[in-house]
Amino acid sequence: MTAPLLEIRRAVRHFDTPAGRVRAVDDVSLSIQPGETLGLVGESGCGKSTLARLAMKLVPPQSGAILFEGDDVATANRATLARYRARMQMVFQDPLSALNPRESIFRILEQPLLVHRRGDRAARQARIAQLLQQVGLRPEVALRYPHELSGGQRQRVGIARALALEPRLLLCDEAVSALDVSVRAQVLNLLLRLRAELGLAALFISHDLAVVRHVADRVAVMYLGQVVEEAPRDALWQQPRHPYTRALMAATPVADPAEARARPPLPLQGELPDPIDPPAGCRFHPRCPMAEPRCRVEAPVLRAIAAGHAVACHRP
Ligand SMILES: Nc1ncnc2c1ncn2[C@@H]1O[C@H](COP(=O)(O)OP(=O)(O)O)[C@@H](O)[C@H]1O
Ligand SMILES: [Mg+2]
């Protein structure tokens, strides 16, 4: 294995609110290799976006470390941080809210080039033309404004902007969740193509397992601030080991009958508990059809059960 591009080591991020302490990210370790796409799934509220924001240093971790290309981001000097910020870019869910409505697409794409002082005006113009082409948009789109574009076109602009500084890693947070199904497939295929052409790595966050299955090489499943299972994509779908993973899968349709037989449905019971006061023992136990007394008191640790496949469950 080569050195990871991004390594998150035992990251913790809690938020103190009037109602109490939200354990948004509670001791999470993950790594992404160059060129690899790690999918991150879990119900809304389980801490996925907070983890992405930790990776971007938009919020600092309370403990743990974030390493990008081997540098500890928390203690990085300004030059390292600037390079890190350029080499890791976010693509958000709602392209319209992420784009300034008063700026033309040209200005929106020019912004990161100006901030990072990339090239003179002619070089920037050439780069913007190239970016539009890479994401499958016509050159005239540069003259338009965000509200004049369709949702799919806007998300392509969001991706072009993320690519402007030639990143090594894209953090895609529900990047296709707001799009219509047909447009979603087109944007996912664009991301797959860009990944192959540019050798990009990605953290691909989605509450939708079908989407993650389409793009990820490896998948981490989060529940209430913790990773409960992590595996190569195919291994996860062939043999999901955590009852939560199986429950998430049960909620998505299966096309392959052999696969449907291999993992009988295990429906998810109840609602996501309040993250302010997570259940003792295994956080999933109140919703788990397989829970035994031990699960109520003893938190299972994430441990390897096969090559690259880890699960946090007393009864995997
Ligand atoms: N700035 C914040 N202040 C207080 N609570 C927050 C903040 N950001 C996120 N949270 C809480 O942390 C938990 C995880 O949120 P989030 O990371 O957005 O989850 P996800 O992206 O998986 O839906 C939620 O309970 C959310 O309400
Ligand atoms: Mg989120």
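## Helix 6 against helix 7

The crossing of helix 6 and helix 7 is right-handed. This is a predicted model. Helix 6 covers residues 151-163, and helix 7 covers residues 181-198. Their axes lie 10 Å apart and meet at an angle of about 20 degrees. That angle is under 35 degrees, which makes helix 6 roughly parallel to helix 7.

Helix 6 contributes G152, Q155, R156, I159 and L163 to the contact. Facing them in helix 7 are V183, Q186, V187, L190, L191, L194 and L198. By class, the residues of this contact split into 8 nonpolar, 3 polar and 1 charged.

## Helix 4 against helix 6

Helix 6 also packs on helix 4. Here the angle is about 25 degrees, with the axes 8 Å apart. Helix 4 and helix 6 are therefore roughly parallel to each other. Their crossing is right-handed.

From helix 4, the contact takes I105, I108, L109 and P112. From helix 6, it takes V157, A160 and R161. The tally is 6 nonpolar residues, no polar ones and 1 charged.

## Helix 4 against helix 5

Helix 4 spans residues 105-115, and helix 5 spans residues 121-134. These two helices pack at an angle of about 120 degrees. Their axes are 10 Å apart. What does that angle make the pair, parallel or oblique? Roughly perpendicular ends at 115 degrees and roughly antiparallel begins over 145, so helix 4 and helix 5 are oblique to each other. The crossing of helix 4 and helix 5 is right-handed.

On the helix 4 side, the contact is made by I105, F106, L109, E110, L113 and L114. On the helix 5 side, R121, R124, Q125, R127, I128 and L132 take part. The contact of helix 4 with helix 5 holds 7 nonpolar, 1 polar and 4 charged residues.

I105 and L109 touch helix 5. I105 and L109 also meet helix 6.

## Around ligand 1

Ligand 1 has 13 residues around it. G45, G47, K48, S49 and T50 come nearest.

Which residues place an N or O atom by an oxygen atom of ligand 1? G47 has a polar backbone atom 3.1 Å from an oxygen atom of the ligand. S49 uses its side chain: an N or O atom there is 2.8 Å from a ligand oxygen atom. G47 and S49 are also among the residues that come nearest to ligand 1.

Conventions:
Residues are numbered from 1 along each chain as its sequence is written. Chains are lettered from A and ligands numbered from 1 in the order in which they are written. This is a predicted model: local features need pLDDT of at least 70, side-chain atom pairs count only at pLDDT 80 or more; totals for chains, interfaces and linings use all residues. Side-chain values use heavy atoms; hydrogens and water are left out. Axes are lines fitted to C-alpha atoms, for helices over the stretch in contact, and angles run from 0 to 180 degrees between N-to-C directions. Helices (H or I, at least four residues) and strands (E, at least two) are DSSP runs, numbered from the N terminus. Angles under 35 degrees count as roughly parallel, over 145 as roughly antiparallel, 65 to 115 as roughly perpendicular and the rest as oblique. A crossing is left-handed if the near helix is turned anticlockwise from the far one by less than a right angle, and right-handed if clockwise. Contact means heavy atoms within 4.5 Å. Ala, Val, Leu, Ile, Met, Phe, Trp, Tyr, Cys and Pro count as nonpolar, Asp, Glu, Lys and Arg as charged, and the others, Gly among them, as polar. A residue is near a molecule or strand if one of its heavy atoms lies within 4 Å of it. A polar contact is a pair of N or O atoms within 3.5 Å; within protein, one must be able to donate a hydrogen and the other to accept it, and residues adjacent in sequence count only if both atoms are side-chain atoms.
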